[in-house]
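The following exercises are to be worked through with the sequence and the structure at hand. Each task is followed by a solution in steps.

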Amino acid sequence: MSTLSTHHEKTSEACPKCASPLHIRNGKQGPFLGCSAYPECDYLRPLHEKSEVKKVLTGSSCPLCQNELVLKQGRFGLFIGCTDYPNCEHTAQLSEQNKPVEEAPKEDSVPCPSCKSGHLIARQSRFGKTFYACDNYPDCKYAVNDKPVNEFCPECKWPILVERKTATAKRIICPKKGCSYRSKPL
């Protein structure tokens, strides 16, 4: 009778946090070493390092510690991080790198209909699709997929409309659920 291997195997290595033995375990990201004293000790590390993109961005500096920044490949795509990680945990999306720290809303920007203090700005999803979200994120999570228009809905009086391209024409529609306003083709 053969036995199947268990979901974790002991190693001779000790946990650097609590000195308990480390076990080899399998997770979504592949095999990793985890502390046998889990959940009291949460130490873990990948079993083998992934071949990830690491490109030092010469001439750049971390806004927190002034060390150089590096381009890395992560779980959700490319991002920018500090070369002094884990001492400094600064990260930024690629689109945030060249953005001024305090960017004033543009004259043609659309106010957020949810929080009323933010503005809707163009963002990119991890798949490269553009959407429009409140710049007060994470305090306000309002977002729309289509380009916002700074006009009230003539039917429900919602403070914004969106520009949507349909199969036949471009239209202005109301993004509020339950409202069926659609303009004539533009």
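**Exercise 1: A hairpin and its sheet**

Strands β10 and β11 form a hairpin with five residues between them, and G128 in the turn has a positive phi of about 90°. The model is a predicted one, in which local features need pLDDT of at least 70 and side-chain atom pairs count only at pLDDT 80 or more, while totals for chains, interfaces and linings use all residues. Residues are numbered from 1 along each chain as its sequence is written, and side-chain values use heavy atoms, with hydrogens and water left out.

Task: Determine in what order the four strands of the open sheet are arranged.

Solution. 
1. Strands (E, at least two residues) are DSSP runs, numbered from the N terminus; two strands pair if DSSP finds at least two bridges between them.
2. Strand β10 (residues 119–124) pairs with β11 in the antiparallel sense over five bridges. Within this pairing, R123 stands opposite F131 in β11.
3. Strand β11 (residues 130–134) is joined to β12 by two bridges, and these strands run antiparallel. Here Y132 stands opposite V144 in β12, and A133 stands opposite A143 in β12.
4. The order of the open sheet is therefore β9-β10-β11-β12, with antiparallel pairing. Its edge strands are β9 (110–111) and β12 (143–144), each of which pairs on one side only.

**Exercise 2: An aromatic pair**

Solution. 
1. Rings of Phe, Tyr and Trp (its six-membered ring) pair if their centres lie within 6.5 Å; planes under 30 degrees apart count as stacked, over 60 as edge-to-face and the rest as tilted.
2. This rule gives a count of one aromatic pair.
3. Y142 lies in the loop between β11 and β12, and W158 in the loop between β13 (147–149) and β14 (161–165), so the pair ties together parts that are 16 residues apart in sequence.

**Exercise 3: A histidine in a loop**

Task: Decide whether H90 is buried or exposed.

Solution. 
1. Buried means under 20% relative accessible area, exposed over 50%, and partly exposed in between (1.4 Å probe, protein chains only).
2. H90 lies in the loop between β7 (77–82) and β8 (91–92).
3. H90 has a relative accessible area of 17%, so H90 is buried.
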